[in-house]
Amino acid sequence: MNIVVVESPAKAKTINKYLGPGYEVLASFGHVRDLPAKDGSVDPDSDFKMIWEVDAKAQKRLNDIARAVKGADKLILATDPDREGEAISWHVLEVLKESNALKDQEIERVVFNAITKQAVSEAMKNPRKIDRALVDAYLARRALDYLVGFPLSPVLWRKLPGARSAGRVQSVALRLVCDRELEIEKFVAREYWSLIAKLATPRNESFEARLVGADGRKIQRLDIGTGQEAEDFKRALETATFTVAAVEAKPAKRNPPPPFTTSTMQQEASRKLGFAPAHTMRLAQRLYEGVDIGGETVGLITYMRTDGIDMAEEAIASIRQMIDKQYGANYVPEAPRRYQNKSKNAQEAHEAVRPTDANRTPRDVSRFVDAEQARLYELIWNRAVASQMQSAEFERTTVDIAARVGERNLELRATGQVVKFDGFLTLYQESHDEPDEDDESRRLPAMSQGERLTKEAIEATQHFTEPPPRFSEAALVKRMEELGIGRPSTYASILAVLKDRGYVRLDKKRLIPEDKGRIVVAFLESFFQRYVEYDFTASLEEKLDKVSNNELFWQDLLRDFWDGFTAAVGEIKDLRITQVLDALNDLLAPHIFPPRADGGDPRQCPNCGEGRLSLKVGRFGAFIGCSRYPECRFTRQLTAGENGGGGTRKLGEDPETGLEVTLRSGRFGPYVQLGEGSKEEKPKRAGLPKGTSPDDVDLKMALGLLSLPRVVGKHPEDGEPILAGVGRFGPYVQHGKTYANLEAGDEVLNIGLNRAVTLIAEKKLKPSKGRRQADPGRVLGEHPDKGGPVVAKNGRYGPYVSHDGVNATLPADKTHETVTLEEAVALIDARAAAGGGKKRAAPVKAASTKAAKSAKAGQTNGEAAPRKKLAASKKKVEAVTETPAAKAAKAPRAKKKPAQEQA
């Protein structure tokens, strides 16, 4: 029997069918070990020794693999064909060696780029050993991420409360988003004008021409800067005579784009389909692992984590044949197209993302997959097929027009483009985040030199330059790839981490940095500038690629990095928070202290007029406060409102009270407020529900929030009201003492009675998370001396007996079902005599603080003291040989009795 190990169970099932009897395919379910999040997991003083941890779920799967391997002839490691896949195979092999599951079995590593019978069979014929260079590159990358994140994150927590963590690559990606926001804030719009003449030929065919010159001087886009200049040119053109000065027609070609890499697939799926990169990768994973078609599971696309852009010879041949058959021979170029990646960090180990069979059209596949998978498959299929089609052919026409006004000569130009042969455009056209503004797509009427033209209208239009756009997810992925930051397998996870940690938010498909994200970046730029520089991060990626190519030892890379980084961390540890805040005040000034409308000092306190505004930190994060605290208690969020004050926006008046309703920014987030209140009575306020953008709040929503909690209706069973409101844990519905959180899709302002009753009923049926249902116990009888029931229970920490608040742990040979009344009374009386129970005249001094805490814990919820757990939930496996001293340090200590047994 041969044992084959892959990552996913779906993949295992498919490959098992391909290989048939004699093979058993098992899944590792991805990575099986990781570095535990604690100090010492990577030890720079011991040549970067790494200690790995196997979690409980992975341990069970590894045990299954170990049992299967013990009776096998061969172990075949068939994980994904990239650096992560190589690392998973290495981890599995190391764990099996350490558990002595391997004897003399042959070990092979195979890779396949597609899950098809042919690809898998071919891979099995060409096994190899584990690529140690790829494993070393993985170890270096994982150690780097740990060495950056683990020492730096605690510094952030101490210096910047509210900051979550800092990572090697995601911090640089976050800087890209924050730098773009700073560009937008610093941007000063510039006025300019354009002049368009609507003209007609002698055959009454209309077209448009733009003013491009005057009196021998070229006019660029921004050269006409005032309305007066534009009006002068307009008056001149109104009375001008127009003549065709020159006509130039040039042929042009546009070549198809190459097939998808991971990055370009994510970008196009974002632009064309609206998919987030992480969602695109999930869909691509399913297409790669395959679907059942005609009783056979078939992978539909090749491996989706790649930066290669060429395709296999047989794939190219198949696509060319399909194009000839479906589109005609004129759409097939004479020679197959070959693509070469221009990215300096590209690894050509894999093919581009393509369909495994070009003859499996999107229409055919749509019957076997869901709608989103079908859309992504169509995008991949179109791009791959188009990449081998003939170029599109155009005729680009430029017409220069002379306009004479007395002694003045004005020049206009019209451009147009005609498609002579659509080529690959019949199937695919690449999208762009910011389309270019040009007139070339227009078709011009036929004209000849010297023809007189008729003026129909002259338009002078005012424009203003615009700031650079915020990054979309697709644009950020593209920019990271251009800078050499990250790799194909990391783009989606980088974006997910930034959103999950609240450093950025997605609004109208654009990434906007949150205040906490901007503070983290400003902190890193001020005190760790080198480590968030784009060039430094890209050069580190190049070195990691050298490790994977056997050109650099991974420990040497880590040593070079660690010496400088640990020194930088040591320097910042001694800085006072005031020094940090002063640096951030300067760096973030355009954002947190924008210019005031009256031209005054943006840092002057609007409340007292004497203090200076400054960045402050509290337990819930950063905010702006006055330097005269506590005399002046002015605070606001980091971003000021339009008035430079507390970010107040008027929404309207409450029709019932006539009081003004405003949207404000507080240190805990945006909220709505009714009126201004008084010294005796605070104004009514309501926070915005999670996920609600302040931009979406209008008067109607604000009044609804201020009216909370509202009565949804009466419960049909008891007639008691059901309320809906927003609490500290989010929106909820309440019936009596039962609270149920609203789920995704439920709205606190319009949830109906039926839905509310359903949520209440589900909540009552489901016990609270983390709590176990109270055991009513078994009544043994009345206490013979004191009266009252004696009850035997099975508590959280074991069986015990209870009477009138006194609890006594049962001996190991007794259970709550076998103990008798007499035995229970004796245990309870002994416990009471020793000072046990809830009611005591004076506290009993424990032998030690630890014992006292244990004894106190034993009385919680009326249950017996905890017993020692006999098994750990996690098993740690070291990837290095332990020294005798290390083994001695792990020797078990003598057990202590539970506190109540000692008593």
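Which residues have the most contacts inside the largest nonpolar core?

## Nonpolar cores

In this predicted model, the residues with the most contacts inside the largest nonpolar core are Met 480, Phe 528 and Phe 565. That core has 78 residues. The element that gives the most to this core is helix H5 (residues 132-159), with 12 residues.

Phe 565 is in contact with Leu 147, Val 148, Pro 151, Leu 152, Phe 528 and Tyr 531, when its neighbours within four places in sequence are left aside.

## Packing of H8 and H12

Helix H8 (residues 262-273) packs with helix H12 (residues 371-386) at an angle of about 120 degrees, and their axes are 11 Å apart. H8 is therefore oblique to H12. The crossing of H8 past H12 is right-handed.

From H8, the contact involves Thr 264, Met 265, Glu 268, Ala 269, Lys 272 and Leu 273. In H12, the residues they meet are Arg 375, Leu 376, Leu 379, Ile 380 and Arg 383. Six residues of this contact are nonpolar, one is polar and four are charged.

Leu 749 is found in the loop between strand S28 (738-741) and helix H21 (753-765). Its relative accessible area is 32%, so Leu 749 counts as partly exposed.

Not counting residues up to four places away in sequence, Leu 749 touches Met 701, Gly 704, Leu 705, Leu 708 and Arg 710. Leu 705 and Leu 749 are 44 residues apart along the chain, and their C-alpha atoms are separated by 7.3 Å.

Methods. Residues are numbered from 1 along each chain as its sequence is written. This is a predicted model: local features need pLDDT of at least 70, side-chain atom pairs count only at pLDDT 80 or more; totals for chains, interfaces and linings use all residues. Side-chain values use heavy atoms; hydrogens and water are left out. Axes are lines fitted to C-alpha atoms, for helices over the stretch in contact, and angles run from 0 to 180 degrees between N-to-C directions. Helices (H or I, at least four residues) and strands (E, at least two) are DSSP runs, numbered from the N terminus. Angles under 35 degrees count as roughly parallel, over 145 as roughly antiparallel, 65 to 115 as roughly perpendicular and the rest as oblique. A crossing is left-handed if the near helix is turned anticlockwise from the far one by less than a right angle, and right-handed if clockwise. Contact means heavy atoms within 4.5 Å. Ala, Val, Leu, Ile, Met, Phe, Trp, Tyr, Cys and Pro count as nonpolar, Asp, Glu, Lys and Arg as charged, and the others, Gly among them, as polar. A nonpolar core is a set of buried Ala, Val, Leu, Ile, Met, Phe, Trp, Tyr and Cys residues joined through side-chain atoms within 4.5 Å. Buried means under 20% relative accessible area, exposed over 50%, partly exposed in between (1.4 Å probe, protein chains only).
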